[in-house]
Amino acid sequence: MPVPVLLAGRTVRLEPLAPRHTEALAVAGAEDRTTYAFTPVPHGVQASHEYIDRALADQAAGRSLPFAVIRATDGRVVGSTRFLELDYWQGPLVWPAVPGVPFGDPATAIPDAAEIGNTWLSPGAQGTGINTEAKLLMLRHAFETWGVRRISLRADARNGRSRAAMERLGFTCEGVRRAHSRGLDGAVRSTAFYSILDEEWPAVRSIIELRLSAGAQRKRRRRTLIPA
């Protein structure tokens with residue numbers, strides 16, 4: 001299974017999620033909960049403790065690799081994200097296939113495909129470029145360090161904001177699975193699935209880097225317009 005890793009960029013740092021993030025995660029989750037209609041976000045210290053415990057149990061089982069999202073400017077925890085649905089295609093071909101089980105030593109195995117999900121940010125971090133750079137860091141690690149063949153994302157089909165963000169970053173919509181699961185609000189939800197393949201990654205990387213560069217330039221212009 002993949003080992004925990006620290007991923008650092010200009011505006012954001014992704015640290016392996018740990019119990020020491022509990023209180024800061026609770027603060028981030030309590031900032032303004034009106035933006036969490038489609039995403040499970042822990043509410044309170046006890047819920048954050050349980051959230052981290054479940055994430056680390058999944059990590060120990062080889063099912064995910066969770067991160068705390070840290071804003072670089074002040075070191076504040078502003079959310080969480082993770083790799084999940086890790087899948088391994090190496091080794092002898094067996095049928096029926098057993099997804100999620102690596103061939104050889106699990107401690108050194110790296111996935112051939114994965115999903116990025118369980119992502120949420122506090123309202124103050126939304127729309128600041130942190131999510132875009134976090135996606136770049138994770139995608140670059142997946143495609144350029146692990147060498148995956150495919151990264152996928154999914155969203156409640158009603159979540160137009162998340163779907164638009166994925167499409168702006170160059171993800172391809174594979175379609176909508178109707179009546180796929182129960183949503184966070186208790187309703188039966190349809191799910192939109194998106195993906196990037198390894199051969200598409202260089203073009204997608206360029207799109208994301210251009211968006212980050214344009215955002216940084218806009219911030220610099222705003223600062224120069226503010227009188228001292």
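Modeller: This is a predicted model. I will start with one hairpin. Strand β7 (residues 172-182) runs antiparallel to β8, and seven bridges join them.

Biologist: In the hairpin of β7 and β8, which residue takes a positive phi?

Modeller: Look at the link between the two strands. Five residues lie between β7 and β8 in this hairpin. One of them has a phi near 95 degrees, and that residue is Gly186.

Biologist: How many bridges join strand β6 to β8?

Modeller: Strand β6 spans residues 150-156 and runs antiparallel to β8. The number of bridges joining β6 to β8 is seven.

Biologist: Why is β8 largely enclosed by the rest of the structure?

Modeller: Count a residue as buried when its relative accessible area is under 20%. Strand β8 covers residues 188-197. It is largely enclosed because, of its ten residues, the number buried is seven.

Biologist: What is the strand order of the open sheet?

Modeller: The sheet has eight strands, and the pairing is mixed. Strands of a sheet pair through backbone hydrogen bonds, either parallel or antiparallel. The order is β1-β2-β3-β4-β5-β6-β8-β7.

Biologist: Which strands stand at the edges?

Modeller: An edge strand here has a single partner strand, so one side is left without a neighbour in the sheet. The two edge strands are β1 (7-8) and β7.

Biologist: Now the whole chain. What pattern does the protein follow along the sequence?

Modeller: The protein has five helices and eight strands. Read along the sequence, the pattern is β-β-α-α-β-β-β-α-β-α-β-β-α.

Biologist: What is the radius of gyration of the protein?

Modeller: The globule rule gives 17 Å for 228 residues. The protein comes close to that, so it is as compact as a globular protein of that length. Its radius of gyration is 18 Å.

Biologist: How far apart lie the centres of the positive and negative side chains?

Modeller: Take the two sets in turn. There are 30 positive and 23 negative side chains. Their centres lie apart by 7 Å.

Methods. Residues numbered from 1 in each chain as written. Predicted model: local features only at pLDDT ≥ 70, side-chain atom pairs only at ≥ 80, totals over all residues. Heavy atoms only, no water. Buried < 20%, exposed > 50% of the residue type's maximum accessible area, 1.4 Å probe, protein only. Helix = DSSP H or I, 4+ residues; strand = E, 2+ residues; numbered from the N terminus. Pairing = 2+ DSSP bridges. Rg over C-alpha atoms; globule rule 2.2 N^0.38 Å. Lys, Arg positive; Asp, Glu negative; His and termini not counted. Charge placed at Lys NZ, Arg CZ, Asp CG, Glu CD.
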